[in-house]
Amino acid sequence: MSEHKPRKTTEKKVPKAFGWMAEYQDENSLLAAARKVRDSGYTKTDAFTPFPVHGIDEALGIKPTILPFIVLCAGITGLSTALLMQWWMNGVDYKYIISGKPFGITPASIPVAFELTVLFSAFTTFLGMIALNQLPKFSNPVFTNPRFDRATNDRFFLYVEAADKYYNRESVKELLGGTHPDSLDEVLEDTTPSALPRPIILGAILLVIAGLIPAMIILNIRAGYSTAPRFHVFFDMDFQPKKKAQQTTTIFADGRSMRPQVKGTVGRGQLEEQDSFYLGYDPAKLTAIDTLETGKFVSLQDSKTADGSAAKPAADGSAQTPAAPAAALNLPWIDKLPIEVSEANMALGKQKFETYCSACHGYAGFGDGLVHKRADALAQGYWLAPTSLHVDKVRTQPVGQIFHTITKGQGKMASYASSLNPKERWAIVLYVRALQKSRNADMSEVPADMVKTLDEVK
Amino acid sequence: MGKNTQTNRVTMATIANSFNPREIDNTDDIPGRRAPLITGNQTYGSVTDIVCRVAEDAQPMLWWILFGFSSLTAVSFLTLIAFLIYKGVGIWGNMNPVFWAWPIVNFVFWVGIGHAGTLISAILFLFRQNWRTSINRAAEAMTIFAVICAGIYPGIHVGRAWLAFWLLPYPSLNLWMWPQFRSPLLWDVFAVGTYASVSLVFWYMGMIPDLATYRDRSKSPLRRMVYGILCLGWTGSSRHWLRYEKAYTLLAAFAAPLVLSVHTVVSFDFAVSQVAGWHTTIFPPYFVAGAIFSGFAMVVTLLVPLRAIYKLENLITLRHLDNMNKIILATGSLVGLAYATEFFMAWYSQNQYEGFTFFNRAFGPYWWAYWTMVTCNVISPQLFWFKKLRTSPFWMVVVSIFVNIGMWFERFVITVTSLSRDFLPSSWGYFKPTLFDGLMFFGSFGVFMSLFLLFCRFLPTIAMSEVKGIMSAAAHAEHAEGAHGHDH
């Protein structure tokens with residue numbers, strides 16, 4: 001305790017003096033005084049005025065500022081930043097292809113380049129001014145004099161600093177006193193405690209910590225792992241008021257959100273599953289076939305056995321291709337051609353048959369095409385010959401079944417659905433029917449006027 | 001006129017004894033003499049008193065009534081924005097084919113108003129128009145607040161407002177992509193963003209010396225501390241003033257082209273598209289003229305009551321208002337010329353789409369909007385040819401409000417009539433606003449007025465240091481002139 005007493009007495013000692021401050025009523029007296037002080041050789045001087053007094057820089061001998069050069073550099077930086085940014089972002093890193101317009105720096109880069117030049121320059125102007133003026137500076141010895149409050153109102157002050165190399169307390173006082181100031185005071189050290197009050201510091205620390213809490217929580221959630229469902233601040237499109245397949249609903253009595261198709265309608269894009277023109281059989285009559293047969297049909301389509309369990313590949317690999325016993329294909333085939341029997345369709349069928357079918361089946365349909373001949377020679381007995389179209393099994397097939405064979409394939413024969421459109425397939429069926437007739441008919445079926453022609457060909 | 005100039009010899013000396021500003025008409029120009037910019041025989045101290053009184057005295061009852069009403073409106077606006085974010089932009093009337101409806105109209109309306117402040121501070125500064133000093137501060141504040149109102153609309157119009165930051169080119173960890181720099185909408189982000197921040201810096205920098213005045217007049221320690229921090233410890237040092245003036249000039253030089261660029265870029269949003277009625281090269285100058293027009297009208301609307309309520313008639317004199325009204329008359333006529341040019345080009349180009357668009361504007365389903373616009377924007381400012389109306393506070397407020405209405409309708413006409421009648425007649429439609437459109441436009445005025453009233457309450461409404469600087473210069477000029485007269 002006893003140690004405190006001498007300390008307190010040392011604090012009470014005369015505060016340090018920083019210089020002399022003279023006060024004037026108007027700017028003209030200030031300018032006159034400033035010139036006098038300048039001519040006396042003092043350089044560590046300053047004037048404090050409520051507005052920028054014209055001519056004070058000359059009167060005090062203040063050098064021009066370098067601020068414009070700093071701003072020029074900032075402006076160039078802004079311009080280059082804008083151009084580089086646009087060139088790299090849109091010309092290199094992420095190219096937008098729009099109407100074949102060029103990448104990189106184009107006239108379209110001008111607006112952003114201009115704006116960033118202005119932005120960089122303006123902020124540098126402001127921050128540069130603040131930095132060169134060494135602001136903010138809240139504790140300043142000039143504020144110790146209560147009269148100085150009028151420096152921002154209607155009074156003009158001239159200040160000679162003690163730091164000046166020619167400074168002499170008495171001679172400066174005499175010099176300034178000779179300029180007829182309203183008042184002349186010595187600028188003294190600010191003796192009020194400069195440290196912030198403890199509660200303010202404590203409050204600021206608490207505020208900073210409290211401010212960090214939300215950021216830490218967000219960071220923890222974003223960077224950490226959790227088994228709980230994601231917390232959605234904004235739903236975006238993750239949750240929508242709609243029903244998806246396999247979901248339940250209370251709207252319908254059966255509780256299913258998926259609805260069965262309305263009878264007698266065709267779904268959009270489902271015509272090919274509904275119309276005999278595309279299938280070769282009449283789907284409306286499918287229900288008439290007993291369920292066992294339908295099951296077999298389904299098994300053809302998605303490689304499931306009739307009892308509904310998925311087909312397992314057999315050890316010998318024989319079930320790799322869907323086994324399609326011909327007897328199982330007891331579908332409600334249509335037996336009337338859905339296309340017109342005309343010269344044009346016949347020609348189309350002939351052309352497509354010769355392009356796609358004749359390679360194996362032969363031009364006349366006996367299963368003796370070039371592929372067959374070559375393969376038979378190479379395979380030496382292991383080659384299974386293509387079916388002749390003139391055997392009874394084929395001849396008795398309804399047109400729909402032949403169409404189905406072309407569409408889906410049969411045994412080693414591939415599907416031709418991707419090469420031939422339905423009309424072309426039907427045209428081939430028409431041509432196959434003609435071929436069959438040509439090889440299996442008696443003279444009574446030949447029209448009377450054609451008999452003579454036929455004889456001539458013979 | 002002759003008699004008038006005889007009775008009112010408007011020099012600093014002759015108005016010395018006059019106190020009622022309404023008796024002084026400083027709008028007359030006497031040959032060979034500069035009319036005084038401020039009246040009432042002001043000294044530096046009296047200017048400080050008049051301006052500081054606004055913030056130091058208890059606010060008049062009218063302030064509380066206006067602030068109560070406008071802050072309530074502002075809070076309702078924020079509530080409506082929250083509801084919009086919760087519910088989606090479907091609460092507005094925006095519907096095929098008019099997807100750019102009121103939000104964009106309001107955005108352009110407010111951005112346009114936000115042009116006057118920086119124009120007054122920057123362009124008039126570069127042209128050495130000293131009369132700007134009494135009005136620039138309030139006009140700049142109005143600019144900032146208008147740009148804030150403007151910025152809200154594109155932000156909430158993007159649909160997912162919480163992702164509006166995607167507009168900025170930042171290195172995204174989720175998107176791995178950059179904005180499209182060839183799009184005028186992105187230029188808009190840069191233009192409005194730069195304008196808002198540079199205007200704010202300009203405004204704040206201009207206020208630093210006046211905030212120091214507020215600090216030095218403060219009686220309470222808290223006030224002193226707050227203003228002390230805001231003014232960064234400004235002392236009025238001449239060495240500081242030198243750099244400050246250089247910085248102010250530089251900022252003015254940057255802000256002047258910036259002002260012109262902002263509404264040019266806003267007009268590009270329209271002009272770069274292919275829509276008939278938008279795709280024209282006249283848009284940039286036409287938009288800039290319209291922006292200055294609406295901005296000055298808003299300044300007049302605000303300043304006439306402001307000077308009456310706070311008794312600032314000696315600083316914001318009739319001459320200031322007269323000058324602004326002349327600018328309104330000039331820009332209003334420019335806007336009228338632009339309307340006429342659009343019609344001329346529609347006919348002269350012989351482009352059937354252009355022709356139809358403009359015929360449809362004037363005589364189509366939105367004829368009422370078009371003719372409201374023409375009446376308010378072209379016809380009403382013509383009243384300002386008469387000096388009696390130009391110098392009457394009542395009439396100038398009436399006309400300026402008409403101009404504000406007209407300029408809103410101009411943006412409505414441009415946006416909605418072109419979109420509702422595009423190239424494909426099968427997609428034509430008629431835009432109908434909803435209640436939310438109306439409430440959310442009205443609400444933005446609440447934000448604007450609340451901020452402006454708080455500005456009057458807490459910040460220096462008139463640039464005191466600049467007014468004093470002009471007084472000093474005027475006194476020097478008068479002195480020099482007097483000495484010159486004696487010599488002869």
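## Strand pairing in chain A

In chain A, A:Trp20 lies opposite A:Val160, a residue of E3(A). The model is a predicted one, and this pair belongs to an antiparallel pairing of E1(A) with E3(A) that extends over 6 bridges. On the E2(A) side, strand E3 (residues 156-161) of chain A is joined to E2(A) by 4 bridges, again antiparallel. Two of the residue pairs can be named: A:Ala47 has A:Leu158 of E3(A) as its bridge partner, and A:Phe48 has A:Phe157 of E3(A).

The open sheet of chain A has 4 strands in the order E2-E3-E1-E4, with antiparallel pairing. Strand E2 (45-48) and strand E4 (183-188) of chain A are the edge strands; each has a single partner strand, so one side of each lacks a neighbour in the sheet. From one strand to the next the twist averages 25°. Strands of a sheet pair through backbone hydrogen bonds, in either a parallel or an antiparallel sense.

## Helices on the sheet

Helix H2 (residues 27-39) of chain A packs on the sheet and touches strand E1 (17-24), E2 and E3 of chain A. The direction of this helix makes about 15° with that of E3(A). Helix H6 (residues 169-177) of chain A lies across E1, E3 and E4 of chain A, and runs at about 5° to E1(A).

E3(A) is mostly covered, with 5 of its 6 residues buried. Of the 458 residues of chain A, 24% count as buried.

## Nonpolar cores

The largest nonpolar core holds 184 residues, and the members that touch the most others are A:Leu158, B:Met142 and B:Val299. Leaving aside residues up to four places away in sequence, A:Leu158 touches A:Ala22, A:Tyr24, A:Leu30, A:Ala33, A:Ala34, A:Val37, A:Ala47 and A:Leu176. A second, separate core has 15 residues, among them A:Cys357, A:Val399, A:Trp426 and A:Val429.

A:Ala47, one of the residues touched by A:Leu158, is also the bridge partner of A:Leu158 in the pairing with E3(A).

## Chain A overall

The secondary structure of chain A consists of 15 helices and 4 strands. Among its contacts between residues at least 6 apart in sequence, 68% join residues at least 24 apart.

## Contact between the chains

Between the two chains, 58 residues of chain A are in contact with 51 residues of chain B. On the side of chain B that touches chain A, at least two residues each come from helix H2 (44-56), helix H7 (184-217), helix H9 (238-271) and helix H17 (464-487) of chain B. H9(B) supplies the largest share, 16 residues. By class, this side of chain B has 25 nonpolar, 18 polar and 8 charged residues.

B:Phe412 belongs to helix H15 (residues 393-420) of chain B. B:Phe412 has 24 other C-beta atoms within 10 Å and is therefore buried, the cut-off being 20 or more. B:Phe412 touches B:Val105 and B:Ala369, not counting residues up to four places away in sequence. B:Phe412 and B:Gly93 are 319 residues apart in sequence, and their C-alpha atoms are 13 Å apart in space.

B:Leu80 is in helix H3 (residues 61-87) of chain B. B:Leu80 counts as partly exposed because it has 17 C-beta neighbours inside 10 Å. Its contacts, not counting residues up to four places away in sequence, are B:Phe436, B:Leu439, B:Met440 and B:Gly443. B:Leu80 and B:Gly295 are 215 residues apart in sequence and 27 Å apart in space, C-alpha to C-alpha.

## Confidence in chain A

Chain A has a mean pLDDT of 84, with 88% of its residues at 70 or more. Confidence in chain A is highest in helix H5 (residues 110-132) of chain A, at 96, and lowest in helix H1 (residues 4-11) of chain A, at a mean of 48.

Conventions:
Residues numbered from 1 in each chain as written. Chains lettered and ligands numbered in written order. Predicted model: local features only at pLDDT ≥ 70, side-chain atom pairs only at ≥ 80, totals over all residues. Core = buried A, V, L, I, M, F, W, Y, C linked by C-beta atoms within 7 Å. Buried ≥ 20, exposed ≤ 12 C-beta atoms within 10 Å, placed from the backbone. Contact = placed C-beta atoms within 7 Å. Nonpolar A, V, L, I, M, F, W, Y, C, P; charged D, E, K, R; others polar. Pairing = 2+ DSSP bridges. Axes fitted to C-alpha atoms, helices over the stretch in contact; angles between N-to-C directions. pLDDT = per-residue confidence, 0-100.
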